[in-house]
Amino acid sequence: MYQQMIFVNLPVADVDTSKKFFTELGYTINPQFTSDDCACVVISDTIVAMMLSKQRYADFTKKQIADATKTSEVLLCLSAESREKVDELVDGAIAAGGSAAGETQDHGFMYGRAFDDPDGHTWEVMWMDPAAVQG
């Protein structure tokens, strides 16, 4: 069965810093699609983040590139299998050079936290009780 994929393309100040940050979080780098100006971060079988140098990112758009430390263009949200995994990923991101973003959201059936990566892109991480999703 076909599984649609998402490729998130993000401008970064330093590709090597991004590679180090995301590998410290446990993600892998696909060397086939990685170069000096791009890192292919494999988040799951269907989610890939392309960390592009600002110069390379500019090859794909005529628009001004946002400074994610000053403006917000997108909020990225990753699911987690448990509350503990939310904390593990966000705490790991902070330890790897990211920073906490926003307040912890705890609604009982849903729990989430967020971090900013070294370039200021905000990544939310959330867990939702499967029973709440079903019904």
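## How this chain packs together

Among contacts (heavy atoms within 4.5 Å) between residues at least 6 apart in sequence, 52% join residues at least 24 apart in this protein. A quick word on what you're looking at: this is a predicted model, where local features need pLDDT of at least 70 and side-chain atom pairs count only at pLDDT 80 or more, while totals for chains, interfaces and linings use all residues. Residues are numbered from 1 along each chain as its sequence is written, and side-chain values use heavy atoms, with hydrogens and water left out.

Now for the inside. A nonpolar core is a set of buried Ala, Val, Leu, Ile, Met, Phe, Trp, Tyr and Cys residues joined through side-chain atoms within 4.5 Å; buried means under 20% relative accessible area (1.4 Å probe, protein chains only).

| Core | Residues in it | Among its members |
|---|---|---|
| Largest | 26 residues | Phe22, Leu25, Tyr27, Met51, Phe115, Trp123 |
| Second, separate | six residues | Cys40, Val48, Leu52, Tyr57 |

Take tyrosine 27: leaving aside neighbours within four places in sequence, tyrosine 27 is in contact with Phe22, Val41, Val42, Ile43, Leu78 and Leu89.

Terms used:
Buried < 20%, exposed > 50% of the residue type's maximum accessible area, 1.4 Å probe, protein only.
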